[in-house]
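Hello,

Here is the structure I promised to pass on to you.

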Amino acid sequence: MKVMKGLIKFLIIGLVLVLLAGLAAWYYLRPAEQLDLHYETISVMDKLTETIKNRKLELSFNESEMNHIIKKNLEPHVNDHIHIKGAHFTLLDKKIKALLHIRYYDLADAEITVEYAVKWQDPVLVLTPTSLSAKALPLPLDWVKEIEAPIPLPAEDLIEIKAIQLTPQQMTFQFGLRKLDWF
């Protein structure tokens with residue numbers, strides 16, 4: 001009888017500790033601020049017209065514009081158990097940092113941070129995840145996908161992106177004329 005009472009006490013204490021640990025994890029990982037996936041369409045043609053007026057061979061987007069461009073191309077359904085509910089992208093030197101609000105197994109919301117390497121693969125801007133964490137806890141990179149954001153250029157057969165310059169204030173696409181094969 002004493003053994004049975006001791007076992008019941010042990011199970012109750014274990015259950016309470018598991019519940020407290022789950023509650024602490026939920027509190028620690030929950031999103032600190034409200035984010036969404038709302039975006040506005042950015043007119044590349046308007047930006048190009050401005051560029052031509054200034055006689056520059058570069059196209060620049062500020063952080064807010066890049067947020068809209070990337071959100072437009074973000075796939076919210078990552079896999080069967082992770083859905084993105086909100087996002088904010090921050091431009092850094094040579095990379096982009098994303099704050100994502102996810103729903104895990106339709107049970108809990110969490111805030112994760114992803115760092116993306118940026119490269120141009122004509123005609124698409126490609127963001128490849130390089131690190132993923134929830135607060136200070138590292139997570140597997142297969143929890144997020146690569147993001148592909150097309151940047152449509154008029155006369156793509158004549159104009160090409162030569163380089164990308166990424167600063168905390170803006171992303172600049174430097175372009176030039178394609179080499180034409182006449183024969």
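Below is what I found in it, starting with how the model was treated.

This is a predicted model, in which local features need pLDDT of at least 70 and side-chain atom pairs count only at pLDDT 80 or more, while totals for chains, interfaces and linings use all residues. Residues are numbered from 1 along each chain as its sequence is written, and side-chain values use heavy atoms, with hydrogens and water left out.

Let me begin with the rings. The structure holds four aromatic pairs (rings of Phe, Tyr and Trp, the last by its six-membered ring, with centres within 6.5 Å; planes under 30 degrees apart count as stacked, over 60 as edge-to-face and the rest as tilted). One of them joins Phe61 and Phe173 edge-to-face, at 5.9 Å centre to centre and 80° between the planes. Phe61 belongs to strand 1 (residues 58-62) and Phe173 to strand 9 (residues 170-177), so this pair ties together parts that are 112 residues apart in sequence. Strands and helices here are DSSP runs numbered from the N terminus: E with at least two residues for strands, H or I with at least four for helices. Both Phe61 and Phe173 are buried (under 20% relative accessible area; exposed is over 50% and partly exposed in between, with a 1.4 Å probe and protein chains only). Ring pairs also bring Trp120 into a cluster with Phe61 and Phe173.

Strand 1 and strand 9 pair in the antiparallel sense over five bridges (two strands pair if DSSP finds at least two bridges between them). Within that pairing, Phe173 in strand 9 is the bridge partner of Leu59. Strand 9 also pairs with strand 8 (residues 159-166), again in the antiparallel sense, over seven bridges. There, Ala163 stands opposite Gln174 of strand 9, and a hairpin of three residues joins strand 8 to strand 9.

Finally, helix 3. Seven of the 10 residues of helix 3 (residues 63-72) are buried, so this helix is largely enclosed by the rest of the structure. Among the buried ones are Glu65, His68 and Lys71. At its N-terminal end, helix 3 is capped by Asn62, with a side-chain oxygen 3.1 Å from the backbone nitrogen of Ser64.

Happy browsing, and best wishes

Definitions and conventions. A polar contact is a pair of N or O atoms within 3.5 Å; within protein, one must be able to donate a hydrogen and the other to accept it, and residues adjacent in sequence count only if both atoms are side-chain atoms.
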